[in-house]
Structures are given as structure tokens and as C-alpha cells.
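Open the model in your viewer and keep the selection tool at hand. Each stop below says what to select and what is there.

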Amino acid sequence: MPGNVIKLRFTLNEKQVLLQCHPGTRLLDILRHDFGLKGTREGCSQGECGACLVLMNGLSVNSCLIPAFALTDSEILTIEGILSLKSFTDIRKSFADIQTYRCGFCSSGMQVALAELLLTNREPNAEEIRRALSGNLCACGSYNGVVEAVLQSSSRKRRYGRRRSERS
Amino acid sequence: MQTFIHDISPKRALRGIVYRSPFRKGKITGLRVPALPKGYSCVQARDIPGKSNLSCAGYSLPILGKSEVHYLGEPLILFCGPDPEVLAEICASVELKLKEESPVEYKDLSGPYREGQIINVAHGDVDLAFSLADQIVEGEYRIARQEHFYPDTQGTVADWDGKNLSLYAATQDPFGLRSAICRCLDLAPRKVRVVAVPMGNSMEGKLLSSFLVAAQASLLAYTAAKPVVLIYNREEDLLFSPKSPEFLIRQQTALDREGGAMAVRVQIFMDGGCYPPKDCEALRQAVHSAWGAYRVPNMEVTGRTLVTDFPPIGSFRASGRAQAIFAAELHSSRLEEIAHLDPYTWKKENLVGTGRKEGPNRGLRPMALAVLEEVTRISDFTRKYSAYSAVKKRRKTIDQSAYLLRGIGMSLASQDAEGIWECLHSIEETRNTCTLKLVLERGKRVRIFTSFVDCGMGIHALFIHRVALLLDLDPSKISVQPVDTQEVPDTGQTTLARAVAVGLPLLEQCCQSLQKKRKIATAPIEVRRSVSLDELRAPRRGKDKSRDGGAESAWAATVVEVELDPVSFQSICRSVWLVVEAGTIAHQKTTLQILEGETLRALGSSQLQEYRGTISDDRKRCSNTDLIPGAEQVPEIQVLLLETQEGPMKGYEQLPHLGVPPAYAAAVSQATGLYVDQVPITAEVIQQCLEM
């Protein structure tokens, strides 16, 4: 019904988008069904497992809890947008390495949570990484592997940075 | 990024929905389906063209209820159509008339209950030993139902083109699923193709349940002659999918004057749900593990399956064995107390292999002792146990304590190959061989063809690293073919134990054959190896002494240290130490990561999960994070692998599930001074124990 439909304008992965939908439609459904962004996954559907995490105005939110009407003029960055960021290449490689012994369902949510952390803190310690992942549940229990991967990628970056500064 | 079942949505696909009984039990007297709009279809039990029951690994349950309802949420009608909202309206307007009956539960075993399978095992003269006993120690242990909580809910995409059926399913047994669907739709196997899509860590929850959802999707696609997507929502999945069974175990031990066990009498009651399996592997495992790793001259074990009106039970990691070992280990901690021995000393003195009559377990002691000694050393168990015991003795009551309560517990368990072979057999009598194929392609690339799916267990990583090692290739050159019943051979249903015990030896044989063929032929070279059920069972019949029960058992000793708040009784696990003797290890890093992950899941089972079987309770559970520990709740986990260069590779993924719950319960018992005799152990459970 026309009365139940709103027009939305927001930024999705750095592109302006327009959409007509019911105001109560979940952001998760908009991303998956209207834009085909399947990297954002539906886990518990209750905002507890973090599989559907996206960045909204730079902060991580569970997209299964965000209604469409809250999207007006917001900036949404999904895992697809985050993976295209150059600053995230190292983490992507580290995740690919630990992928072999985990199912990978929670990976995108975890990477969004880590992106939020790494965009503000380039060299987090283990405790900070754990805190950043506190909203993500992993059925394979791979948290320690993820923390290690992020720490390794940070130290790689540090070493690379040091070498570059020594050369210059 | 991987494509899970939720990500598959073919064009023109219809959506499916299941109408479920809102009642727990009764006889159906009327079921009226509303007039369906154009483009919508429905399927009832009478419309099933083939067999209306699904079977898998000894379990059997109807695809749709026909004349009776046995559990809340039992599927009765299937609908499909283009609009999910219309489907929901159709479901809401179904009229079900039912002559309600009171459901059968069991809370205290006082009955009335209906008995299913009964297994008895006995040796020695138990009655005589009990009549001569100086002391009899009794205990009752409860292990709650548990939900798998796989991250992706059950789902299948089915497409019937009028001649052939294609299924995209999240399943651990693609060939078993194909057989089940063939029976259900009365189709020849060549007409059904199953593509196993990647899935979340399923904890064996994608066996029977995956068959059910796939059969429902297939029936809808067959009726509508269009692709159908049937995905359960989280609530539906959590409330109505098969669970791990609840166990109640009574232990009675007759002790002599020195506190030595003269006889053990164990009664095992397993809630078999509404459709209990006729030959239940979980019950058999529980009966055979009833007294854990310890020797006793006289023993009597009775296992019973009770028929109740809870949802059907299903496979779960270490189902049956984990519950039996939990009871045995906790009961042994009472015996340790009576004997005034610490757990390490008591276990060491009572291990199988130290007495006269050990039967098939003879020879197990050296490895069991090795893991026990190693875990004691790395956890500093003896010192910590004495220190916490001293604190406990000084304290009058726990609520007077101004400090956090601390405790440490230990357990010993083994995972053997028992059941792996039997399970293979019970799937289907005609599927009695496992086959694996290896293809060497140009550019020294190798492709592995197997029906084992990965589902977060690291199976494919293990296979790739093993082939890389044996053929001296870079792991990046080796890949596993996506699982499609038209492309890969039947290697049987997927569990890590089966992959290690059955898959890896086949893989090694393929590699050896490939090495020989490489010298005389050019790529592509294909090798295929099979093993039959009889060949797999041969070592167990004693034909090959090198592979007796002892050689196949993997041992683990676990120590858990906990800290409890004396006011809220919230427990925090500080550390877990796990020492595993797992034979030859295919790939160290993967093995360690798998064991660490399983340890965390086992800790979650000990602390967090319980399925209660009622909508009001479980709706709350749906909105609760209490199912898997989060990143901040991860304790320090130290896993040590004792590798033996000789002998077969062994399954090990069950070991944390066998060892962590009893060690955790023993640690909580020491911290609180209470006999905690159930899992999961929550603050409420501790409060209840305190009030008793």
C-alpha cells in the first residue's frame, strides 16, 4: 500500500542510493534482498550474534535490528565495502589464512567489528581486539585465532612501516 | 566469501513454509486447509508419493504428521508460493481440530513413561559384591537437552524440472540425503542430485534435521514443479529441530573397607523424544562408557530409552558417551573424597589396566597415564587442588566468603572408533562402501573427490595438508572438489572422527597409488580407493591385532580452573588444560585449532545451554546470548598434543566434549563445597544445590 511505503536516500558503500520500502523493513533484508549484498548474514535475528554487523555512520550496528526509517541520510558500509578498503588488505589476508579451520559464517560480522576498531586504532592490543569482538559469536570458537591474526597483521604493518622509514 | 544456503535464491523460486501443530499431543480429528490463491500449493502426509518416514543413522521420523501429534511444532502441512506474507496468512487460517492428550514428560522418573530400547551389560557378581560391601555410594546425575545452535538455520533449495530433482542442501550426509529423498518421492537415485553447500559449524546437527527440511522442500518442488526455497527461521529451528537427548544416570558403587570399588551398578535413562530410534547409538555409547576409564571387578549397566512427547532427538557431538563419562567422572570424585585421595592419585590407582580383569581395555593404561601425568604437570594441579581444598576447609559457609571462590577439577576420557563403523552401517544397509578419489591434473595440481563436507571441522584442511605431505606438493596446488553427488563418490556421512578413521587411510592409499602411476603415466591420472563395511569391521573382530580397541582410542585428560562470585554464583572459567594423545597427527596447527574451538563449545555446553522444550522458555532462549561463549569469555586454553609416530590417526574432536563438562563440574564442586550433579551449571543450579 502506498501509505505504508517510504522513500529513502542514504549512502551505501560510498554510493548514494534511493529506495522505496516499508518503514519497518530491516536493514538486513534491504541489503540482502534489494541490493544483493549477501556478505551480511542472518544469524540469530535478535541482535545477539553479530553475523549481520554493518558500519552505520562509522559505528557497528546489528542490521537485523535497524528499521528502514532510521536509514535516512546515513552512511552504511557493509563487508563488501570494507573489503574494498586498501587499509584492510592485511586483515583480509590473515582471515583467509585462518579460514581453513572455521566455517566462515561469522567472518563478515567479525571483520566489520574489526574494521570499526582498526579505523580508529591501528595497533590494538589483544584485550582491545577481544572487546571489539564481544558482540560476535563464533560457533567454531575461533576467537583466539582471530585475535592472533589481527595482532600478526598489526605487527607486519609495524615492521613494514619501520623498514620504509629506515630506507627513507 | 562463501555462499551458504541462505544466499541461494534462484529466479522464479517459490518460498516454502511449514504449518506446525500448536498442540503438544493428541489425535487429529479435523484439518481444514483454506482455499489457496493461484500460484500457491500445499502438501499433506497423504500426498507423499513414496515412504512417509525419514531414516538416518538409526533414527526414523515422519516427514508430516498424519493422524496424531506427538510434539509441539510437529510439521503437518507444507505450503509454497511467491509471497511469504501470503503464506503466513494461509498458515494462520488453517483449522486444526485435535483431541488433546496430556503429554508424557519425565522429571523424576516416577513415570508414567513408555520404555523404548533396553540394553543390559554385566560382568561379575554384582549382587554378591553389594551384599558384602562396607559402604554404598549413590549418586544421580542429570545432563540436560542441548541445542546445536549452528549459525545458519536448516534450509534447502529444491528444483524439480519434471524429470530430475536438484537439491542444494546444508547437510553432513549428501548421499544419505539422496537416498532418503529417493524413497520419499519414489524416484531412482540417478534422478536426484544433491549439492552440499557450505554450512556453519553444525555439531552433527545437519544430519537428520537436514533430511527433514530437504524432504519438505522436495515435496513442495515436486508438487509445484518450480524451484522452492525452504529455510527455517531461527525460532522455528530452535524450538522444533532435533536436540541432543536428556540423560539421567544413577550410579551406585559398593566399596570395601579401604574405599576400593567392589562393584558398580549404573542405570541410564535417556529421553528418546517422541520418535526414539529402535537401535540407539547414543544409548549404546552411554552403556559402554558407564564407568569411564576405571576398573571394577563387578559391574551391571542398564540403559533405557524413554518415549516422551518432546521433539525428536538427533545426533550431537559425543552423544551418549559424553553424558556417561560426565556421570562416571563426577561419581568418581565422590569416591576420591571417601578414599581421601586427590583426583590425580585416585585416577592413577584405579585406571583400567591396573587390575586383573580388564577384558578388551587391556593395554589402555600407558597412554591414559601419560595424558594424566602431563595435564597434572602443566596445570600444576596437585598444588592448586591442595590449596583450594585447604581454603574450602577453613571456610564455614560460602556466603560468608569475602573472596572469590576458586576450584579446580580434572577428568579423564577416551574417544574410540566404536560407533564409527556401526554408524556407517545403520545409515543404510545398501551403502556399505566408502570411496575416495584423487585426480592429478596438469601443472601438478591435485583434486580430492570426497563426499565429506567441511562444516567448520577442518576436514578439508587436514586432507589438503596430508596430500601435500605425501606427494611433496605445495598445499595451494591441492583442492577439494565441491560436494555434488554427481561428481564425487560416496565417502559416507561427515564427522571428523569418520574423516580421520576412514577418509585419511583411503587418501593415503590413493596417494601411494598415484605416486606409482606418476612414474608410468602422464596427467591427468585418476585413482580411486574404497573400503567396505566388512573390511572396516575386520580389525574389531580381532583379525588385525595392531588395530584393536586400544590402538584406536584417543585419550585426553582435562583440567578446568574456575572462579565463582560468592554472592551471585556467576562462574568464570579461568583456564582449561587439555592433553590429548591422538596417534599420528595429520596437521598440528589445524588439530590444535579444532581442539581449542571444541573446548570452547564444550565449555558453553557446561555453563550456558539448555533446551527446555516449551515455547515460553525457549522464546526467551532465542533472545539470549547464552548459547556460545563470546570473545571476552574465552579463558586461557592450553592444548598439548602427545604425538605417537606409530599407529593409526585417531578422531579427537569429541575429547573436549567428554572431558570439559565433568572437569568443570568438579571444579565448581570444589569451589562451592556442593555436590553439583548436573550440566549445564548455571548460577540458578548452584543456588538450588545450596538450598537442598
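Is the crossing of α7(B) and α18(B) right-handed or left-handed? It is right-handed. (A crossing is left-handed if the near helix is turned anticlockwise from the far one by less than a right angle, and right-handed if clockwise.)

This is a predicted model: local features need pLDDT of at least 70, side-chain atom pairs count only at pLDDT 80 or more, and totals for chains, interfaces and linings use all residues. Residues are numbered from 1 along each chain as its sequence is written, while chains are lettered from A and ligands numbered from 1 in the order in which they are written.

**Stop 1: the helix pair in chain B**

Select residues 321–338 and 655–672 of chain B, which are helices α7 and α18. (Helices, H or I of at least four residues, and strands, E of at least two, are DSSP runs numbered from the N terminus.) Their axes come within 8 Å and cross at roughly 30°. (Axes are lines fitted to C-alpha atoms, for helices over the stretch in contact; angles run from 0 to 180 degrees between N-to-C directions.)

Now show the contact residues. On α7(B), they include B:R321, B:I325, B:F326 and B:E329. On α18(B), B:H657, B:L658, B:P661 and B:P662 are among them. (Two residues are in contact if their C-beta atoms, placed from the backbone, lie within 7 Å.) By class, the contact has 9 nonpolar, 3 polar and 2 charged residues. (Ala, Val, Leu, Ile, Met, Phe, Trp, Tyr, Cys and Pro count as nonpolar, Asp, Glu, Lys and Arg as charged, and the others, Gly among them, as polar.)

**Stop 2: helix α4 of chain B**

Select residues 208–224 of chain B. How many of the 17 residues of α4(B) are buried? The count is 16. (A residue is buried if 20 or more other C-beta atoms lie within 10 Å of its own, exposed if 12 or fewer, and partly exposed in between; C-beta atoms are placed from the backbone.)

At 1.5 Å a residue it should span 24 Å, and its end C-alpha atoms are 25 Å apart, which agrees. (The expected span is 1.5 Å times one less than the number of residues.) Step just past α4(B) to B:A225, where phi is positive, about 55°.

**Stop 3: backbone exceptions**

Most residues other than glycine have a negative phi, and most peptide bonds are trans. A:N57 sits in the loop between β3 and β4 of chain A. It is exposed, with 11 other C-beta atoms within 10 Å.

Move to B:D186, where phi is also positive, about 60°. The loop here runs between α3 and β13 of chain B. B:D186 counts as exposed, with 10 C-beta neighbours inside 10 Å.

Next, find the cis bonds. One joins B:A523 and B:P524, with omega about 5°. B:P524 is in the loop between α13 and β22 of chain B. Another runs from B:V679 to B:P680, with omega near 0°. B:P680 is in the loop between β26 and α19 of chain B.

**Stop 4: where the chains meet**

Color by chain. The contact takes 32 residues from chain A and 33 from chain B. On chain A, α5 (126–132) and α6 (143–167) each supply at least two residues. α6(A) gives the most, with 3 residues. The chain A side has 12 nonpolar, 13 polar and 7 charged residues.

**Stop 5: each chain as a whole**

Switch to chain B: 19 helices and 26 strands, with 54% of 692 residues buried.

**Stop 6: confidence**

Color by pLDDT, the predictor's confidence in each residue, from 0 to 100. Chain A has a mean of 88; chain B averages 87. In chain A, the lowest element is helix α3 (residues 89–98), at a mean of 72. In chain B, helix α11 (residues 420–427) has the lowest mean, 44.

Select residues 419–429 of chain B, then 618–625. pLDDT stays under 50 over 419–429 and under 50 over 618–625. Where pLDDT is low, the predicted coordinates should not be read in detail. The model scores ipTM 0.90 and pTM 0.92.
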